[in-house]
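Subject: Model for your records, with notes

Hello,

Here is the structure I said I would send. My notes on what was found follow below it.

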Amino acid sequence: MAASSASSSMMKTSRRALVRRTRSHVTTRCATTAPASPATLSAKNEGKGKRVMIVGGDGYCGWATSLHLSARGYKVAIVDNLCRRSFDDQLGLNSLTPIVGIHERVRTWGELTGNDIELMVGDVTDYEFLGESFKSFEPEAIVHFGEQRSAPYSMLDRSRAVFTQYNNVIGTINCLYAIKEFAPDCHLVKLGTMGEYGTPNIDIEEGYITIEHNGRTDTLPYPKQGGSFYHLSKVHDSHNIHFAAKAWNIACTDLNQGVVYGISTEETMIDERLINRLDYDSVFGTALNRFVIQAAVGHPMTVYGKGGQTRGFLDIRDTVQCLQIAIDNPASKGEMRVFNQFTEQFSVNELAEIITKAAPKVGLSPEVINVPNPRTELEEHYYNAKNTNLKDLGMQPHLLGDNIIETLLQYAVQYKDRCDKTLIMPSVSWKESGSKVVTHGNVKA
Ligand SMILES: NC(=O)c1ccc[n+]([C@@H]2O[C@H](COP(=O)([O-])OP(=O)(O)OC[C@H]3O[C@@H](n4cnc5c(N)ncnc54)[C@H](O)[C@@H]3O)[C@@H](O)[C@H]2O)c1
C-alpha cells in the first residue's frame, strides 16, 4: 500500500473521519457466561468503581492497563482513534500476535468477565469530541497513553515529525483543558518516557533536581535532552503539564516510563481474542521484544552500533501495576509529580547476552550482529537513573530472569510464521530524515 501523503492525510483523517465523534459505547454483557476475571477475589474490588478514562486504550500498554483495572473493579472507558492500527496499514507492518478489532476485544472482555468497558472511538486532538467524552463519562482519573510513540516514525520525514508533535502536544493540552473545564478534580496520569532525559553524564533524578548556582539554591525540572522529535514531543508535554498544574490547580502525574517488554498480563491471556499486540519491525518494535522475536525467527539480533546504549526497562506486568499505584495515590492538586517508571537498567549488549544465554533452553541459538546505528545517540555513556518513588508506594517489580525470556521466546516461536523478516533491519535514518514524504509502500530496509 502506498503511504503517499500518509501523514498529511492522516492528520486530516484524525481531524475528520476518525473524529466524527463516532463514539461507540460497547457495553455488551453476557449474562450466561460465568465470570472468568483472573483478578483474585480480594483484588476484584480494589478500584471501588473509580471512573478511569484510558486514552490510547487500544494500544500495547493501554489495552493491558484497561483490562487490569477493569478486572479489579475500576470503571473503565477506552478513548482511542485507532491511529496505531492505521500506521501499520500505511507502512505495511503488523503485530506478531493476531490482534482482533477493538470492538471485538471489548465485547469479548465483557462476555468473559461480566465487566463492561465503555468504548469511545475518537481523537483527543479534537476538543469537541474529548469534551463530550468527559461530560458523558465523568472521569475521576484519566490515563493518557494516546500518543504517536515511535521515535523512528517521528524521524521518517518532516510530515511525520510534524504529525507526531501536533498529535502528542495538542492531545495533552486538550486533556488539560478538558480537566479544567469539565472535571477539575480529575487526576491526570500522563505517560512520558525516560528518553526525555537523554544520557547526561550525571545521575538522573525523578523529574526535578536541586541546583546551587552563584550561592543560591532551587529545585527545578531536570534538564531534558530528547533524542528524536517523538522524545521531544514528550518534553514539550512535560513543560505544558508542569505549567497547567500550577496555573489551574490540577493534580498531575508524569510517568517517565522505560522500555516495556513482555506480552502477557493475567487478563490478556485468558482468551486469544484478548491478546496484546507485539511489535517486531524496526519502526515500532522496541529493544528487548524485538531481540526475542529475532531470535525466535532465526534472524541475528540487531545491535545498533557499539551496543553500549543503556536504558531503563520494565515488564508489562509492572506497567499495569505502576498505573494502578499512580491512580490509587493521586498527586496533590497544583502538583506535577514525576515517577521514573522502570525496574532495571540494561545496555543493548547486555540484552543480547541475556537472550543468547536463555535461548538454548527452548532449542534456539541466536547470533548477534552489529549494524550501523541509524540514530544519533551516544553508544557508550554513563547512565544511572533513580526509580524509588513507585517502589516507595509499594511497587513489586518482576525482574528480568530466564523464565520471562523463555516464555517470551516460546510465544514468539508460536507466532513466528506471521513475521515478515524484511521488516526487521533498521530502515529510518535520523540523518537522512527529509522533507520529502516517504511514499513507498512500506519501510523495509
Ligand atoms: N511501549 C513502550 O515501551 C513505551 C515506553 C515508554 C513510554 N511509552 C509511552 O506509553 C504510551 C503508550 O505506549 P504504547 O506502546 O502502548 O503505544 P501504542 O502505539 O501501542 O498505543 C498508543 C495508542 O494511542 C492511540 N492514539 C494515538 N494518538 C491518539 C489520539 N490523538 N487520540 C486518540 N488515541 C490516540 C493509538 O491508536 C494507540 O492505540 C505512549 O505515550 C508511549 O510514548 C511507551
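What percentage of the contacts in the protein with a separation of 6 or more is accounted for by residues 24 or more positions apart? The figure is 84%, where two residues are in contact if their C-beta atoms, placed from the backbone, lie within 7 Å.

Two notes on conventions first. This is a predicted model, in which local features need pLDDT of at least 70 and side-chain atom pairs count only at pLDDT 80 or more, while totals for chains, interfaces and linings use all residues. Residues are numbered from 1 along each chain as its sequence is written.

Overall

The protein has 13 helices and 14 strands (DSSP runs numbered from the N terminus; helices are H or I with at least four residues, strands E with at least two). Of its 445 residues, 52% count as buried. A residue is buried if 20 or more other C-beta atoms lie within 10 Å of its own, exposed if 12 or fewer, and partly exposed in between, with C-beta atoms placed from the backbone.

Around the ligand

There are 28 residues around the ligand, and those that come nearest are Gly 56, Gly 59, Arg 84, Gly 146 and Arg 149. Near here means that the C-beta atom, placed from the backbone, lies within 6 Å of the molecule. Two or more residues of the shell come from each of α2 (60–71), α3 (83–91), α7 (158–182), β5 (187–193) and β9 (259–261). The largest share, three residues, is given by α2. By class, the shell has twelve polar, ten nonpolar and six charged residues (Ala, Val, Leu, Ile, Met, Phe, Trp, Tyr, Cys and Pro count as nonpolar, Asp, Glu, Lys and Arg as charged, and the others, Gly among them, as polar).

α7 with α8

Helix α7 packs with helix α8 (residues 229–248) at an angle of about 20 degrees, their axes being 9 Å apart. Axes are lines fitted to C-alpha atoms, for helices over the stretch in contact, and angles run from 0 to 180 degrees between N-to-C directions. The angle therefore makes α7 roughly parallel to α8 (under 35 degrees is roughly parallel, over 145 roughly antiparallel, 65 to 115 roughly perpendicular and the rest oblique). The crossing is right-handed, meaning that the near helix is turned clockwise from the far one by less than a right angle. Among the contact residues are Gln 165, Asn 168 and Thr 172 of α7, and Ser 233, Asp 237 and Asn 240 of α8. The contact divides into nine nonpolar, seven polar and two charged residues.

Asn 168 counts as buried because it has 25 C-beta neighbours inside 10 Å. Asn 168 touches Glu 147, Gln 148, Ser 233 and Asp 237, leaving out residues up to four places away in sequence.

α9 with α11

Helix α9 (residues 287–297) and helix α11 (residues 348–358) pack at about 40 degrees, with axes 10 Å apart. This crossing is right-handed. Ala 287, Leu 288, Phe 291, Val 292 and Ala 295 of α9 meet Val 348, Leu 351, Ala 352 and Ile 355 of α11. The contact has nine nonpolar residues, no polar and no charged.

Val 52

Val 52 is in strand β1 (residues 51–55) and counts as buried because it has 26 C-beta neighbours inside 10 Å. Its C-alpha atom is separated by 5.5 Å from that of Pro 139, 87 residues apart along the chain. Apart from residues up to four places away in sequence, Val 52 touches several residues, including Leu 69, Val 76, Pro 139 and Ile 327.

Regards
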